[in-house]
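Please look over the model shown here before reading on. The paragraphs below take up the surroundings of the ligand and then a sheet with the helices packed on it.

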Amino acid sequence: MLPVVKTAAPGSTAGELVPDVPPSGVSFEGYDKGAAERYMREQNPYPRALASVDDGDGGALFTGKRAVVVGAGPAGSTAAMFLARQGFQVEVYERRPEPKNDPVDTGRAYIIILIPRGQAALKELGIKLPVDEHFRSLGTVSHNAKGKTRVSKEEGNVTFSRSGLAQWLIDTARRRYPGRITYTFNLAAEEIDFKNKKIRFGTPGGIMSPSRNVSYDLLVGTDGVASQVRGALAGYWSREGQPYNVEVDDSGREYKVYMGLKGDIEPPEFEGKTGASLHLYTSDDPFTSFTAHSNPDGTYSGTFSLQTGGFKDLHAPADYEALMKAKFKGVPEDWIPAVAQQLAAAPASPAGKRVRVSRMWGPGTVLLGDAAHAVTPVFGQGANSALESCLVLNQALTEAKGNVDAVPERFNELRLEDAHSLYELDRKAYSFFRRKGPFDPDFLQLLAHVILGTILSKIVPFIYGSRPALLRLGSGIPYSQITAAVTRDAKLAAVLLLALIAFTAAKLCKLI
Ligand SMILES: Cc1cc2nc3c(=O)[nH]c(=O)nc-3n(C[C@H](O)[C@H](O)[C@H](O)COP(=O)(O)OP(=O)(O)OC[C@H]3O[C@@H](n4cnc5c(N)ncnc54)[C@H](O)[C@@H]3O)c2cc1C
């Protein structure tokens, strides 16, 4: 292990000295016989970084270099730990208060399920998952419009609220790299001088507060879907006369949250087990959905989603009650009045955006997480892909062998195609919500892949593999391989369909 520096860096508001003890927790062994370990061993598209970086034998190639991370979300803290492990002195700046002190961030409304794809980055860092069994995810219960339920047990995943995950990673980063990673809250990135590697931070909305200018060797933009770093990069590339495209699509949906409901809604499959369950209630209209997830205290929280603008027509609790009764068969009846009360009083939030950038880098700068490749919640990939990108950053750092200026472009080479493929998968999934009907080409492609893939995986598993790639989204199979499989299977399905039509026509002609 590297020697532990027991002093807080100048400028740290964290300022606390923490003992060099590993975070408490259980090992991955308890989870689905080590799903994340399997991912690292068999499926990880990115070669493992040098195991020697943590050794005191000179493996930390970036010692003496300073990295600035913008944003203390899941991606920011995970990237900070990889940077610290590679020898950087890391400063993380966050425009909001620390999650545990943030009164706005109630955070229990939607859960993030960490699947092996996201867990792999933590595994690579040697971080153990939280010890409380309530963090374990038991699986998903889908309730359809007719009130039928389908249970999928998904052992091996862990659940967090978004702010719970952010705080847990902040605590872990501080504990593992005391003095090497420092956090400063309530300061937002405002201006970046890419040529001279300087960034200015200021207090959001604070006219009187002095700004802080910070120099860096490497800047990591993990400041979320409305990224300032991305905006500054776009300006930089356009001044350089280089094209830089940013596409930001809206999910077209909004959601409201409710909390604190009680009830016995677990299926017999989960009886006697402790852990979080995710209930997805669908209606006859793809835009209208209801979720419920179990919390460690035995209550349920969740979301109610509608097409953007849909909440404008709903005013009193009675409006919500009527809609819920009309649309959902599976939601417990005694929940409806309580949920309706809360929903009528709650503000609506946009249900995610989808982002594609033409480059995830600039001079001395890397962009990752939602800032670079946000997706809507449809596949539950946002935080998981963000953590996976941190693993890729680690590979770029390792390959750069101490040459900090080589890191950003190498990271981009390693990750851009997968980030674009993730965007494409998310876009295709939304064909379901666009309601263009059953002949929507995107919808047909996904359908063909899943149906044909399922058949082929049963008939010729040794050629095709165990399941369609899309259904293995959680496993860590590269996003680019999934889009390639979808395209290939859709083409194959079209050829087979044409052959079937030709064959039937020929038969009919003979008969006639
Ligand atoms: C309803 C919903 C459900 C979701 N469900 C899932 C799920 O099941 N699974 C999953 O993997 N993902 C899910 N996600 C997505 C997930 O929340 C995000 O992908 C994830 O939080 C991205 O992490 P990040 O660190 O890149 O960005 P963020 O979490 O957005 O963090 C960015 C941070 O940067 C800070 N910041 C912003 N601007 C500045 C600035 N100028 N200066 C300093 N700091 C700044 C922000 O305050 C924030 O703390 C869901 C999202 C939504 C909305």
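A polar contact is a pair of N or O atoms within 3.5 Å, and within protein one atom must be able to donate a hydrogen and the other to accept it, while residues adjacent in sequence count only if both atoms are side-chain atoms. This is a predicted model, in which local features need pLDDT of at least 70 and side-chain atom pairs count only at pLDDT 80 or more, whereas totals for chains, interfaces and linings use all residues. Residues are numbered from 1 along each chain as its sequence is written, and side-chain values use heavy atoms, with hydrogens and water left out.

A polar side-chain atom of arginine 162 is placed 2.9 Å from an oxygen atom of the ligand, and a polar side-chain atom of glutamate 94 lies 2.6 Å from a ligand oxygen atom. Alanine 75 takes part through its backbone, where a polar atom is 2.9 Å from an oxygen atom of the ligand. The protein buries 89% of the 1,000 Å² that the ligand exposes when taken alone (accessible areas by the Shrake-Rupley method with a 1.4 Å probe; for residues, only the protein chains shown count as cover).

The shell around the ligand draws two or more residues from each of α2 (74-85), β2 (89-94), β3 (111-114), β8 (188-193) and α9 (382-400); helices (H or I, at least four residues) and strands (E, at least two) are DSSP runs, numbered from the N terminus.

Turning to the sheet, seven strands form an open arrangement with mixed pairing, in the order β5-β4-β14-β15-β16-β13-β17, where two strands pair if DSSP finds at least two bridges between them. Its edge strands, β5 (149-153) and β17 (349-350), each pair on one side only. Strand β4 (residues 137-143) runs antiparallel to β5 and is joined to it by five bridges, and the partner of serine 142 in β5 is arginine 150, while that of valine 141 is valine 151.

Helix α6 (residues 317-327) packs on this sheet and touches β13 (253-261), β14 (276-282), β15 (289-294) and β16 (300-307), its direction making about 90° with that of β16. Contact here means heavy atoms within 4.5 Å, and axes are lines fitted to C-alpha atoms, for helices over the stretch in contact, with angles running from 0 to 180 degrees between N-to-C directions. Helix α7 (residues 336-345) also packs on the sheet, touching β13, β15 and β16, and its direction makes about 130° with that of β13.
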